[in-house]
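Subject: the model you asked about

Hi,

Here is the structure I promised to pass on.

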Amino acid sequence: MTQRILAIGGGGFLMEENPSPIDALVRDMTGKARPKICFIGTASGDLPLQFAKFDAAYGYLGCEASHLAFFRDTGPRAIPLTDIRSRLLDQDAIFVGGGNTKAALGVWKEWGLDNVLREAGNAGILLAGMSAGALCWFESGVTDSFSPKWYRPVDCLGFIPGGCAVHYNGDPLRRESLHAACAAGGIGPSIAIDDYAAVFYANGKRDAVYAWKGGSTAHLVDMVGGQVVETALPAAPIRS
């Protein structure tokens, strides 16, 4: 099976008021007419608003929505914590929301969810996510998990080689922090993803870059000849 991961820099149902092309792409990538998609909201502490937005967006798209929450009861769509593995392996896609990347990874490790997610990806289930939900799939990511005022690398799941930064065009400090981390050797070759852009990986290799707003894309950031070099990638436009 091909491991498939869609890393979204920013946008979709968690940031946009209107139906977003990126959410439709998540649905379409499953190849199912009515796909089963589970939302994992650990990074936000299972914020109820995120679950409500997910249900509205993916219900509108004709999906069968469910939730995995560790901190609160999310109602009849919740996956029982006693049945995480079998229920997640029955999904067509798993979507991870934004928030505190480091905290989410800690909870997942405690519950063994990191291993279940790897198994799901290896079984061909689409893994997707926005912000923290994009960073988590890489070897490391530049995150504000430690403080909202500064960014630093954090070790992540390692399903995709290298590092990642998100909301890249939305905050100059993210670029500064990623470049500094690369120069110091704190993070390896990285992908930096703008708001309203996403990158698709197949078996850990970059396959496509998508954007649904003018000027948004993804960027390769790496050390070349002792200098940090940033290269913008061409993005395929997607529309509703």
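Two strands pair if DSSP finds at least two bridges between them. Helices (H or I, at least four residues) and strands (E, at least two) are DSSP runs, numbered from the N terminus. With that in place, strand 2 and strand 3 run parallel and are joined by five bridges.

Some housekeeping: this is a predicted model, so local features need pLDDT of at least 70 and side-chain atom pairs count only at pLDDT 80 or more, while totals for chains, interfaces and linings use all residues. Residues are numbered from 1 along each chain as its sequence is written, and side-chain values use heavy atoms, with hydrogens and water left out.

Back to strand 2 (36–40). Four of its five residues are buried, where buried means under 20% relative accessible area, exposed over 50% and partly exposed in between (1.4 Å probe, protein chains only). Cys38 has Ser66 as its bridge partner in strand 3. To get from strand 2 to strand 3 the chain goes through helix 2 (residues 48–60), and this β-α-β crossover is right-handed (with the strands pointing away from the viewer, the path from the first strand over the helix to the second runs clockwise). Strand 2 also runs parallel to strand 4, with four bridges between them; there, Cys38 stands opposite Ile94.

Zooming out, these strands belong to an open, mixed sheet of eight, in the order 3-2-4-5-1-10-11-14. Strand 3 (64–68) and strand 14 (236–237) are at the edges with a single partner strand each, so one side of each has no neighbour in the sheet. Helix 5 (residues 113–122) packs on this sheet and touches strands 2, 3, 4 and 5; its direction makes about 125 degrees with that of strand 5. (Contact means heavy atoms within 4.5 Å; axes are lines fitted to C-alpha atoms, for helices over the stretch in contact, and angles run from 0 to 180 degrees between N-to-C directions.)

Which residues of helix 5 are buried? They are Leu113, Asp114, Val116, Leu117, Ala120 and Gly121. These cover an arc of only 160 degrees around the axis, which puts them on the same side of helix 5; the arc is that of the directions from the helix axis to the C-beta atoms. Their cover includes helix 3 (84–88) and helix 4 (101–111). Just after helix 5, Gly124 takes a positive phi of about 95 degrees.

On to the cores. A nonpolar core is a set of buried Ala, Val, Leu, Ile, Met, Phe, Trp, Tyr and Cys residues joined through side-chain atoms within 4.5 Å. The largest has 44 residues, and those with the most contacts inside it include Leu113, Leu117 and Trp137. Leaving aside neighbours within four places in sequence, Trp137 is in contact with residues including Ile5, Val96, Leu117 and Phe159. A second, separate core of 31 residues includes Ala69, Ala208, Trp212 and Ile238.

Trp212 also turns up beside Gly12: not counting residues up to four places away in sequence, Gly12 touches Ser20, Ile22, Asp23 and Trp212. Gly12 is in the loop between strand 1 (4–8) and helix 1 (21–29), and counts as buried at 1% relative accessibility.

Finally, strand 8 (residues 160–165) has five of its six residues buried. Strand 8 pairs in the parallel sense with strand 9 (residues 190–193) over three bridges, with Ala165 opposite Ala192.

Cheers
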